[in-house]
Amino acid sequence: MEKRMAAATASASASYRLLNQKKHTSKRFLDHRRLVTNFGELHRSSSSSRGFMHHCGTAPLQSFLSRFLWALQKSSLNHIQNLPGIQHRTFGSATSTIIQRNPLFSTINHDDIIYFENKLGLKNVIQDEEELQTANTDWMHKYKGSSKLMLLPENTDQLSQILKYCNSRCLAVVPQGGNTGLVGGSVPVFDEVIINTRRMNNIISFDEVSGVLVCEAGCILENLISFLDKQGFIMPLDLGAKGSCQIGGNVSTNAGGLRLIRYGSLHGTVLGSEGSLGIITKVSILTPPKLSSVNIAFLACQDYISCQKLVFQAKRKLGEILSAFEFLDAQAMNLVLDHLDSVRNPLPSSIYNFYVLIETTGSNECNDKEKVEGFLVDAMESGLVSDGAIAQDLNQASSFWQIREGIPEALQKAGAVYKYDLSIPVEKMYDLVEEMRIRLGGKANVVGYGHLGDGNLHLNVSAPQYDDAILAEIEPFVYEWTSKQHGSISAEHGLGLMKAEKIYYSKSTATVELMASMKKMLDPNGILNPYKVIPQSLLLS
């Protein structure tokens, strides 16, 4: 609490403060003509992409398939428990689900190892137990496989040979990039061969006229952001995990990210198969030019209705320059302040119920500044905003973003966390958070934050440790509630292992059966990332 109420650090205190004295609001904005500093160095956004996939002896996916499956979003199984055997895995929830290892899959033998060593080289065929333990475990330490082999192809040809061989031997595989996923999609369930793309990390070409970047799937997102920044362009995607996640995984899961309100997600031209239909090897991305006028504000609101009205006003009055609109509740803010030493509260004088981060990006500094000033004046005078701060330099801008991007890390440090990535109508989003608090009472801390501009709620239930009693209160209630609102149980994290059996909450039986038939057509032996995305009962029938 002392940290929350302490005076802001030098960087935060230097930011322009919006006082909650409404009668002085307009004068303060007009008197301070240098209200906002623009940061040309900032580069967060998103646009469209095209992916190249390689399959087990199948033709590349055609555009009709991409556009159809664009809409086939996602659904949930639960946290995996370590069991000594590898023939089945148990998933704890209100009703336990047991996943059986597909008996048709082969197991690795000595001849397989020799084949892969001849194709990839000894050092790229990983059997070291310590390295495999890391690769077998997801970022949340919630899912753990038992793979005995990880392969590191260097190019498309090597990856294609791996898949061809594994298909002939009926060896199941799991594609893996940065392993930052949250639904168990990038780690083995049993003993699947891990194919990690980290060596496929070359930038192949960049056209400064068209802005088209062609790169390999293993390129780390932050490295692409840095490369494009030097070219005067921005990466059409920004995520909190950008320092580890790879572009192939981003494309495969149709990542949305922090700039979806401005540029949209990767849904438009990229198929998100989560490694179940093919493995992405290269990506062609249309990148927008970096704009010189960037403004960032961190605002406080007293209630969720004010947040709703604020995003509506932002879309109307900021229009084409609005590039991000993120919200977090007081519980999320408190977690970040309590668990991340480097974070400071930009608004330390009071505790508020909700916080909003707004970013604008444009090319005309004067016009952008005028728009932002007018928007903030109106928001203060109408009572939608209780307090706020405007970033005055790059450090302040980064510190504002660190609050929002640091929430997942803070949740991890707080203990066990049940994470749900939901697409819900904006006016209903926070109702779920409040209803979940009523259900759980004092058993857990319910946290809500996300991309308010597009109705993407990150619902997190934080507890000292995983507890089946807590999980039984959460599921299936969270999926049933979302389904009643005609929402999606997976907005951007994917289905993975966690939500494969819950897909019917968002998709019709006919749709899921069509997905399964396409999976069988493209991957007849079912070796590509098995047990994920689609219910196993449909694939084994």
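Is R437 buried, partly exposed or exposed? R437 is partly exposed, its relative accessible area being 23%, where buried denotes under 20% relative accessible area, exposed over 50%, and partly exposed in between (1.4 Å probe, protein chains only). The model is predicted, with local features requiring pLDDT of at least 70 and side-chain atom pairs counted only at pLDDT 80 or more, whereas totals for chains, interfaces and linings use all residues. Residues are numbered from 1 along each chain as its sequence is written, and side-chain values use heavy atoms, hydrogens and water being left out.

The side chain of R437 forms a salt bridge with D329, with an N to O distance of 2.9 Å; the term denotes a side-chain nitrogen of Lys or Arg within 4 Å of a carboxyl oxygen of Asp or Glu. Because R437 belongs to helix α16 (residues 429–440) and D329 to strand β13, this pair ties together parts that are 108 residues apart in sequence. Helices (H or I, at least four residues) and strands (E, at least two) are DSSP runs, numbered from the N terminus. D329 is buried, with a relative accessible area of 0%.

In the whole structure, 14 salt bridges are found. One of them links E320 to K371, whose closest N and O atoms are 2.9 Å apart. E320 is located in the loop between α11 (304–317) and β13 (322–329) and K371 in helix α13 (residues 365–381), so parts 51 residues apart in sequence are tied together. E320 is exposed at 53% relative accessibility, whereas K371 is partly exposed, with a relative accessible area of 30%. A salt bridge also joins the side chains of E473 and R439 (3.5 Å, N to O). Since E473 lies in helix α17 (residues 468–474) and R439 in helix α16, the pair ties together parts that are 34 residues apart in sequence. E473 is partly exposed at 25% relative accessibility, and R439 is partly exposed at 32%.

Axes are lines fitted to C-alpha atoms, for helices over the stretch in contact, and angles run from 0 to 180 degrees between N-to-C directions. The crossing of α16 past α18 is right-handed, meaning that the near helix is turned clockwise from the far one by less than a right angle. In this packing, D431, L432, E435, M436 and R439 of α16 meet F477, V478, W481 and T482 of α18, contact being defined by heavy atoms within 4.5 Å. The loop between α17 and α18 contains P476, and a cis peptide bond with omega of about 5° joins E475 and P476.

Strand β12 (residues 293–301) is mostly covered, 9 of its 9 residues being buried. In a regular strand, side chains alternate between the two faces of the sheet. In β12, S293, N295, A297, L299 and C301 point one way and V294, I296, F298 and A300 the other way, and all are buried. Strand β12 pairs with strand β14 (residues 354–362) in the antiparallel sense over 9 bridges, strand pairing requiring at least two DSSP bridges. Within this pairing, L299 stands opposite V356 in β14.

A separate description applies to an open sheet of 4 strands, ordered β5-β6-β8-β7 with mixed pairing. Its edge strands, β5 (125–126) and β7 (173–176), each pair on one side only. Strand β7 pairs with strand β8 (residues 193–196) in the parallel sense over 4 bridges, and V174 has I194 in β8 as its bridge partner. Helix α7 (residues 156–169) lies across β6 (150–151), β7 and β8, and runs at about 165° to β8.

Two non-glycine residues with positive phi lie in loops of this region. N179, with phi of about 55°, is located in the loop between β7 and β8 and is buried, with a relative accessible area of 13%. H141, with phi of about 60°, is located in the loop between α6 (129–136) and β6 and is exposed at 64% relative accessibility.
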